[in-house]
Amino acid sequence: MPCFHCNGFYSACDDQPVCPVCHSFLYQYQCTALKRDDEDGDSGTEEEAAAHAAAAAVGPSGAASDDEAQQLRQLRQQQQKKLLQQQLRQQQQQQPLPSSSSSAQSRGARLDALPTELILAVLAHCDDMAVWSLLRLGNRRLTQIIEREFSDAYWQRQLSHRWPLFTLRRPLGAGTWRSLYSDLLLSAPCLACLASGPSSWDVDEASSWRQRRLRLEYRSLIQEPPYGVAAVPTPVDSGRLSQWHAVICGPPGSPYQGGAFFLSLTVPHSYPLRPPLIRFLTKVFHPNVSRHGDVGLDAILPTNWSLALTLAKVLVCVQSLLTDPYTEVSMEPRIARLCIENRPEFERLARLWTWKYAMHDFVGPLAATDEPAGDGGGDL
């Protein structure tokens, strides 16, 4: 699946909707993949400009000072370093790439050669998503160590931390919390956003009246919650009330009925003068929700943002959007076209996605052969 924005021009997606390069620029996420060893953090023109400046600073006699000479030597070293790195990259591109099977075997052999004490030391510094990613490598020895060191209670705690509003509607057998945690992760539109938490604005200078209003809204959500809507501030940000978790139940009579859709809300410091940022943490087949999980505010707020709107009203608007998609302005034009031209097929795919990604609390996941295909598959 290519990147939603650059269509694979900048980087590979690794089964994610947005590549790391576009994600770091568009979604306020500092991706470690951008920190390459062959880059010095410049655009490639600073050396040339500095060289011209140093040459202009040389006196009429042609003799430069000690500082200028040192600067020129550093510039020459940087240029030589970049030249060597370019030659090394050209040689690596000319070499044939190893096959996936051989690279997997060599990676597995290197993991098997590591002592158990070293693996345990590395796991001690990993968070829950890093441990889950290591499990997906499929190495038998590494899997046995993780299963021995991380009990099912650990995955239950991490699931409650990532999805604090998740509730079970079916009996869960012993030893299955890890599978449920994995199903919820795979149902998220973007693992990078889920790992880094909700996108944040600077809220250090939040006014007191903003805080009072958010406390009143939180109290209202607890005492008189709207039907099928719940929201709580994140535990780490309960004081400033800028980061929220929310869940929306699929409206009855819609193809999303029975599903539990998790969302993240980021409240800016200028709230309520500016609307909150809303993002789905559950994949949903809808024309007004992008594959990255972003919700088009033009769809839920046809008019301008008003001070009378609250977080609860915005969530109710998102819930009503599941019943009546707004196809005139859409985040996914192909899904909007399918909704207009073939409504039964759209509802079938929306119901299939709801069953697959939004009903882990009630039914088990679909088999791998039941992946949505066609306009509802990975091409969207």
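1. In strand E3, leucine 263 is the bridge partner of alanine 246. Seven bridges join E2 to strand E3 (residues 260-266), and the two run antiparallel. Two strands are taken to pair if DSSP finds at least two bridges between them. Helices (H or I, at least four residues) and strands (E, at least two) are DSSP runs, numbered from the N terminus.

2. The model is predicted: local features need pLDDT of at least 70, side-chain atom pairs count only at pLDDT 80 or more, and totals for chains, interfaces and linings use all residues. Residues are numbered from 1 along each chain as its sequence is written, and side-chain values use heavy atoms, with hydrogens and water left out.

3. The chain has 15 helices and four strands. Of its 380 residues, 41% are buried; buried means under 20% relative accessible area, exposed over 50%, and partly exposed in between (1.4 Å probe, protein chains only). Among contacts (heavy atoms within 4.5 Å) between residues at least 6 apart in sequence, 60% join residues at least 24 apart.

4. The structure holds 11 aromatic pairs. Rings of Phe, Tyr and Trp (its six-membered ring) pair if their centres lie within 6.5 Å; planes under 30 degrees apart count as stacked, over 60 as edge-to-face and the rest as tilted. One of the pairs is formed by tyrosine 218 and tryptophan 244, which is edge-to-face because the ring centres are 5.6 Å apart and the planes stand at 90°. Tyrosine 218 lies in helix H11 (residues 208-223) and tryptophan 244 in strand E2 (residues 243-249), so the pair ties together parts that are 26 residues apart in sequence. Tyrosine 218 is partly exposed, at 26% relative accessible area, whereas tryptophan 244 is buried at 0%.

5. Tyrosine 256 and phenylalanine 261 also form an edge-to-face pair, because their ring centres are 6.0 Å apart and their planes are at 75°. Tyrosine 256 is buried, with a relative accessible area of 1%, and phenylalanine 261 is buried at 0%. Elsewhere, Phe150, Tyr154, Trp155, Trp163 and Tyr181 form one aromatic cluster.

6. Which residues of helix H14 (residues 333-341) are buried? They are Ile335, Ala336, Leu338 and Cys339. These residues cover an arc of only 160° around the axis, so they lie on the same side of H14; the arc is that of the directions from the helix axis to the C-beta atoms. The buried residues of H14 pack against helix H15 (343-357). The face of H14 turned away from its buried side carries the exposed residues Ile340 and Glu341.

7. How many disulfides are there? The count comes to zero, a disulfide being a pair of cysteine sulfur atoms within 2.5 Å. Cysteine 339 is buried at 6% relative accessibility, while cysteine 249 is partly exposed at 36%.
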